[in-house]
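Subject: Model for your files

Hello,

Here is the structure I said I would pass on. Please keep it with your notes; my reading of it comes after the coordinates.

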Amino acid sequence: MMQEAYKVLEDVFGYTEFRSPQDEVVSSLVAGRDVFVLMPTGGGKSLCYQLPALIRPGVGVVISPLIALMQDQVSALCEVGVRAACINSSMPPGHNREVENLVRRGELELVYIAPERLTLATTIEWLSSTSISLFAIDEAHCVAQWGHDFRSEYLQLSILHERFSHVPRIALTATADSKTQEEIVARLGLQQAAVYISGFDRPNIQYRITQKVNAKQQLLSFIQQEHTSDAGVVYCMSRNKVDSTAKWLSDQGIKALPYHAGLNKDVRQQNQERFLREDGVIIVATIAFGMGIDKPDVRFVAHLDLPKSIEAYYQETGRAGRDGLPSTAWMAYGLEDVIKLKQIMAGSEANEQFKRIEQRKLDSMLGLAEVTSCRRQTLMSYFGEALSDPCGNCDNCLTPVQTWNGTEAARKALSCVYRTGQRFGVVHLINVLRGKQTDKVSQFNHHEVTTFGIGGDLSDAQWRSVYRQLVARGYLSVNFDHGQLFLNDKCRGVLRGEEALELRLDPIVNAQKTRSKQQNNMPIAEENRALWEALRACRKTLAEEQSVPPYVIFHDATLKELLDVKPTTLQEFGAISGVGQKKLDKYGGCFLKAALEHY
Ligand code: ADP
Ligand code: ZN
């Protein structure tokens, strides 16, 4: 049986090896067992059901909530010669019926169906009259109310195992903590399923969180120095900021497009299309962007605002580097972020329990932003997965962070909050500490408080760093109204001199120079440059002819391997990872011709 699986892997998908645990998943599923797979983004989930569907008799039914994705997946399958189609509400009338007929006649190997259509009585009826190889429930965390993408239609998927008890089911997700996992198993009736959980780590992503000075300029330098002509996503919290950032980047000569729910639908769709189909487009977006984007060669994800939780951060940054090649998760973070988010939470009208959960999540995110040790270790341990050694591929590993004894400074900062009545924001507090005679200082007679002028030893920036860390670590709280700071019980020890505080020594960030120690982009050797451009041009032409995104023709990883291998025959070309029989027949000649001219 596995022999057949290897043959399909090679002939259809063009890969020689399974990635762990694909082989075990495939073998369980082909043998007719239910399976539950938890694998990080880019781990290779699709193959886990696509390949068994080709081996088992009947049509494989894939349930996916991401309508936008379906068509691309179907195109990619058709490219490798698999008979696949999709059924969803965005398809032209008649299309869905035609697909149903193909399924009835047993002419499809895979059919993708949106959950709300699958559970219609008519769909269940025509499915009952055909042979089904397996059900794949993608993005299975959508069934969990505890999770963050809950879809009520998913609850009805229990019908599958009631109506089709003999058909094996595979549920897949990339985001599920243990509580969500339990919920998925319970709601989908997967108690008997073989469970495969692979590590959450994304070693090809370099995590970096830098101090915010002039965020836009920092972002520009980051892009120019490390990711020129790469595709990337920039996340901002508000629509306004998305618009202004996209415009500013464009003015600087960067191919950047906005994306948020307030844009006209056509514009949004057009921008998304360009991101998928053109090379090197940067999308500036609110978090609305991403679900449904399966582009494998996103080389960086940048955050100009702090996400509300590590789950959100990990999901968003996880959109980088699905193809496994080096990518960067970059964020600019500062005092305003902490204040803004704490303020929003303070004003939330959710119930107390929900607020407490949200608060805890934000605190973990802040912890990640402030940590002085390996970021990846912090991330992994948050997801319950211990990483024994520092990763060597995050900013803290690459440039170790210094700390300083901030006990005295913290005491001054906290007592200044207290002396001024716990009703002022950071700017004023720092003015008082540094003894500045501003209008506000005079207005409130703050030149008479005992903390006036006791902070001349530190700069504005240093005091901001102290306050940021005090808020992030929960010594100070933020008032909803105007972001005024007030003391928490926790600060007693520090004020009384009983608790010592070790603070992060923020490196001095120069907005023009954010280059990391390690070059993270993938430089093409000078002698290969012409060849690389020729291959990309060839891919672009083919992609346009077929109206599919370039990566559906070949991934970057495949073209990169071609640079190394420099095949001279179709047979050599066919041995490259990602080149299956169908693509070799269809495109081999074209690429080989383009390549031979540039060796
Ligand atoms: P996920 O759905 O888990 O995010 P995908 O199924 O999209 O991941 O796969 C991620 C990438 O890995 C794709 O580009 C896919 O072609 C590639 N891939 C999957 N399995 C293998 C394999 N066995 N060998 C090489 N590449 C693979
Ligand atoms: Zn690290």
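Predicted model: local features only at pLDDT ≥ 70, side-chain atom pairs only at ≥ 80, totals over all residues.

Helix 16 and helix 17

Helix 16 covers residues 352–370 and helix 17 covers residues 375–382. Their axes come within 9 Å and cross at roughly 160 degrees. Because an angle over 145 degrees counts as roughly antiparallel, helix 16 is described as roughly antiparallel to helix 17. The crossing of these two helices is right-handed. On the helix 16 side, the contact involves Lys361, Ser364, Leu368, Ala369 and Glu370; on the helix 17 side, Arg375, Thr378, Leu379 and Tyr382 take part. Sorted by class, the contact has 4 nonpolar, 2 polar and 3 charged residues.

Helix 1 and helix 3

Helix 1 (residues 2–13) packs on helix 3 (residues 45–55) with the axes 10 Å apart and an angle of about 110 degrees. That angle makes helix 1 roughly perpendicular to helix 3. From helix 1, the residues in contact are Glu4, Ala5, Val8, Leu9, Val12 and Phe13. They meet Leu47, Gln50, Leu51, Leu54 and Ile55 of helix 3. By class, this contact has 9 nonpolar, 1 polar and 1 charged residues.

Helix 20 and helix 22

The axes of helix 20 (residues 426–433) and helix 22 (residues 460–472) come within 10 Å, crossing at roughly 125 degrees. Helix 20 is therefore oblique to helix 22. The crossing is right-handed. Val426, Leu429, Ile430 and Leu433 form the helix 20 side of the contact, and Asp460, Trp463, Arg464 and Tyr467 form the helix 22 side. The class count here is 6 nonpolar, no polar and 2 charged residues.

Backbone details

Most residues other than glycine have a negative phi, and most peptide bonds are trans. The following places in the model are worth a look against that background.

The peptide bond from Ser20 to Pro21 is cis, with omega near -5 degrees. Pro21 sits in the loop that joins helix 1 to helix 2 (22–30).

Glu139 has a positive phi, near 50 degrees, though this residue is not a glycine. Glu139 is found in the loop between strand 5 (132–137) and helix 8 (152–155).

Ser547, also not a glycine, has a positive phi of about 40 degrees. The loop holding Ser547 runs between helix 24 (529–546) and helix 25 (550–553).

Regards

Definitions and conventions. Residues numbered from 1 in each chain as written. Chains lettered and ligands numbered in written order. Heavy atoms only, no water. Axes fitted to C-alpha atoms, helices over the stretch in contact; angles between N-to-C directions. Helix = DSSP H or I, 4+ residues; strand = E, 2+ residues; numbered from the N terminus. Parallel < 35°, antiparallel > 145°, perpendicular 65-115°, else oblique. Left-handed = near helix turned anticlockwise from the far one by under 90°. Contact = heavy atoms within 4.5 Å. Nonpolar A, V, L, I, M, F, W, Y, C, P; charged D, E, K, R; others polar.
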